[in-house]
Amino acid sequence: MFNRKALMFGYSNTTKFLAENLTQELHYLVIIVDDDESYQAAKKAGYRVKLLDITDDDVLEELDVEEDDYLICVMKDHYINVFLTLSLHSLFPKTTIIALSDSYHATQKLKMAGATRIIDLYQVSANRIHNILTKPVATKLIEQLFSPEEDFSFKEMLIPENSVLDGIMADDFDFSTYGIILVGMIDKRLSNQFIFITSGLENRFDVGDTLVCIGYNNDLEKFETYIKGA
Amino acid sequence: MFKELLTKFAYFLHSSKRYKTIKTTFSNFLLNADYEYKKYFDIFMISLIVVSITILVYEVKNPVPDWVDFFDIYIVTTIFLIEYIGRVWVHNDWHKQVVKEVGEAQFLNRDISVWVPTKEILKGKMKYLLTPTAIIDLLAILPAYRPLRVLRIFVLFRVFKLLRYTKSINQFLGVLASKKFELFTLLFLLIFITVTAGIAIYVFEQNENENIDSIFDALYWALITISTVGYGDISPVTAEGRVVSMIIIVSGIAMISFVTSVIVSSFSEKLDELKENRIIEELNKKDEFMIICGYGQMTRMFLRYYAEEYDKRYIVIENDKEKVEEAIKEGYKAIHEDASKHDVIKRFNLQYSNITLLALTGNDIANIYITLNAKSLSRKIKVVARARTDKMVKKYQLAGADSIVRPNVIADRMLYTAITQPVMYKAIYAILIGKNMALLDEVNLDDSELLVGKTIEELEFKKQKLLCIGLQRAGEGGEFLFNPPAKTTLEELDTLLVMGRKVSIEHFRNIYKKVKYV
């Protein structure tokens, strides 16, 4: 994760939030804007920022983008956001493009334009309202999981070489001793897809599998250290 | 002594829960349009009226068996009488007035007068007895008195009684009442033309026309002609009389057109209101429903995904007429009103239904006002409000919102997760939208004797392919136990948070059948 870069297109509260919270996660993060006002504001706020004509493919092509990087499209104007997504997808087809949408129709267009993940502002909010009404306790928990400020979260852990977990069946391992819950995993032996632990499949931990656990940050870190041990 | 007894009796009634329950039940059946069982009572009364009228018509030419007569005279009439007395009874409360009088007398240090409140109550009841509907009710009872056969015609008042139970006739009369001024003006014009034409024809033809003997004949002819009915039993014979005829025929057609246009325009004006009233009435009969204020992007998205789930238990209130039309076109239930108005929210059944209000307009000030408006009417209303900025959250809390949704914050956090934990993002996304493979559900223990007292260990979640994520202890400040230890005992009113496939959760439900899902 740490050797990855993120290029964020657009300057808004979302960009600020991400810029402030992702510094620990990524080794390079830059905000790209297309107007001088945003450029000056971002610069004044202390962010790494570039002023570019994002509608020009030649300019975009010159950006240093690797396959593992993230391209985040959060332009205020959704016409430009869709156009930018399309341009980026045609130039860097294997790179993950994450886009923010503010309408159902824009979401459809962003999908067609090639965005890898689309966060629809209103869809996630509609889901949240429904969950508040039907599952208040669950919603509260999910809210905590999503909040970077909480000491309670989820973590993805890669089973390294020589891990103590290597070769153990998922059902035979008691996670509660470590105060955490295994929600699911990518069991490379079966597929590259994420599988919920409650799906009924017999999962075995092997080197290279990814575990997704929830718990208190301390417990999660302790467990990660544990699985790295030989 | 008598005064003391009456006061004691009034206090007895005032404190008697049983009396209160009986009176409320009667009142609900007779007067409360939102009471879910009232429609059965109305149907029963309509059936009685129809049967009674059928008997009246049938017995004109045919003899009826004694038991039918007995049913009509005693059973039907007794039910009408009980209903009549019931309506007079529930109209106002004598004991409340007496208790108020005692309170006032003690405060002012004066003698208690039982007569003053009794007089007030009697006045109120008398006022009710003189209302047209109460008079119709009374006249509908009279046909039971057989010695006076003429009273049989009062059975027709049983037809008028139908007005009480049929909304559509009432609504029609309501629409006519709203155009009272126009209709009365036309009626006076009709009287004026009829009388003038009647006098004219009388003057011109009294000596020429053998069918016109009196002014009554002339007025009768004028009315039959102006109404365009024209029986033909009286017709003008002189040229002057024919001119009068022509004038009143033209006036008649004009007048009929006027009356029709007044009624039609009145209906089209009231149509939306009538439809809205019908929607609200339907909703008010439900135990729980949702009021969604504003039809913007958020509401559209919410209804696109969840309208079916909430079935007919929601209504959209929007003050932009175009948006309302758009919502109706999309197939949603929407009315054109301003949700921040006191009277609009007051139309809903705040007392009996569990109402959730979603304040989802794009304007924080409007949402806060809507929240305050709803909470000022009933603290029971659950308000979920949308806040545009973080700065507004505190204000929403002060206004009494139960939950606040901040779309930008949610989206920012989702973006953050999508970057930092891409695998988990998919998982959480699936959980959030409740996909079949990973349902995160709550199991309430409020009425389950089967789960109460059991330990987490005993429930064997793993065996049932479920994950026990947490346990919410009862009460507002109840503790949330994440990943509860195996020996944790479940208590009454706790909520279990479990995750698994829908089928696994269903299976869990079948084992503990009394488990209630939220």
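Of the 230 residues in chain A, 41% count as buried. Please keep in mind that this is a predicted model.

**Chain A in outline**
- Chain A holds eight helices and ten strands.
- If we take the contacts in chain A between residues at least 6 apart in sequence, 55% of them join residues at least 24 apart.

**Nonpolar cores**
- In soluble globular proteins, nonpolar side chains tend to be buried together.
- Here, the largest nonpolar core has 134 residues.
- The residues with the most contacts inside this core come from both chains: A:Phe9, A:Ile72, A:Cys73 and A:Cys213, along with B:Cys293, B:Leu415 and B:Val498.
- Helix α18 of chain B (residues 407-420) supplies the largest share of this core, eight residues.
- Back in the largest core, B:Cys293 is one of the residues with the most contacts. Leaving aside residues up to four places away in sequence, B:Cys293 touches B:Ile317, B:Ala339, B:Leu357, B:Leu358, B:Ala359, B:Leu360, B:Thr361 and B:Ile370.

**Where the chains meet**
- On chain B, 54 residues are in contact with 58 residues of chain A.
- Several elements of chain B give two or more residues to the side that touches chain A, including the helices α13 (297-306), α18 and α19 (422-432). Strands also take part, including β4 (354-359), β6 (403-405), β7 (439-444), β8 (466-472) and β10 (495-500).
- The element that gives the most to this side of chain B is α18(B), with 13 residues.
- By residue type, the side of chain B that touches chain A divides into 33 nonpolar, 13 polar and eight charged residues.

**The sheet in chain B**
- Six strands of chain B form an open sheet with parallel pairing, in the order β3-β2-β1-β4-β5-β6.
- At the edges of the sheet stand β3 (334-336) and β6 of chain B; each has a single partner strand, so one side of each is left without a neighbour in the sheet.
- From one strand to the next, the twist averages 20°.
- Strand β2 of chain B (residues 314-318) pairs with β3(B) in the parallel sense over three bridges.
- Looking at individual residues, B:Val316 has B:Ala334 in β3(B) as its bridge partner.

Methods
Residues numbered from 1 in each chain as written. Chains lettered and ligands numbered in written order. Predicted model: local features only at pLDDT ≥ 70, side-chain atom pairs only at ≥ 80, totals over all residues. Core = buried A, V, L, I, M, F, W, Y, C linked by C-beta atoms within 7 Å. Buried ≥ 20, exposed ≤ 12 C-beta atoms within 10 Å, placed from the backbone. Helix = DSSP H or I, 4+ residues; strand = E, 2+ residues; numbered from the N terminus. Contact = placed C-beta atoms within 7 Å. Nonpolar A, V, L, I, M, F, W, Y, C, P; charged D, E, K, R; others polar. Pairing = 2+ DSSP bridges. Axes fitted to C-alpha atoms, helices over the stretch in contact; angles between N-to-C directions.
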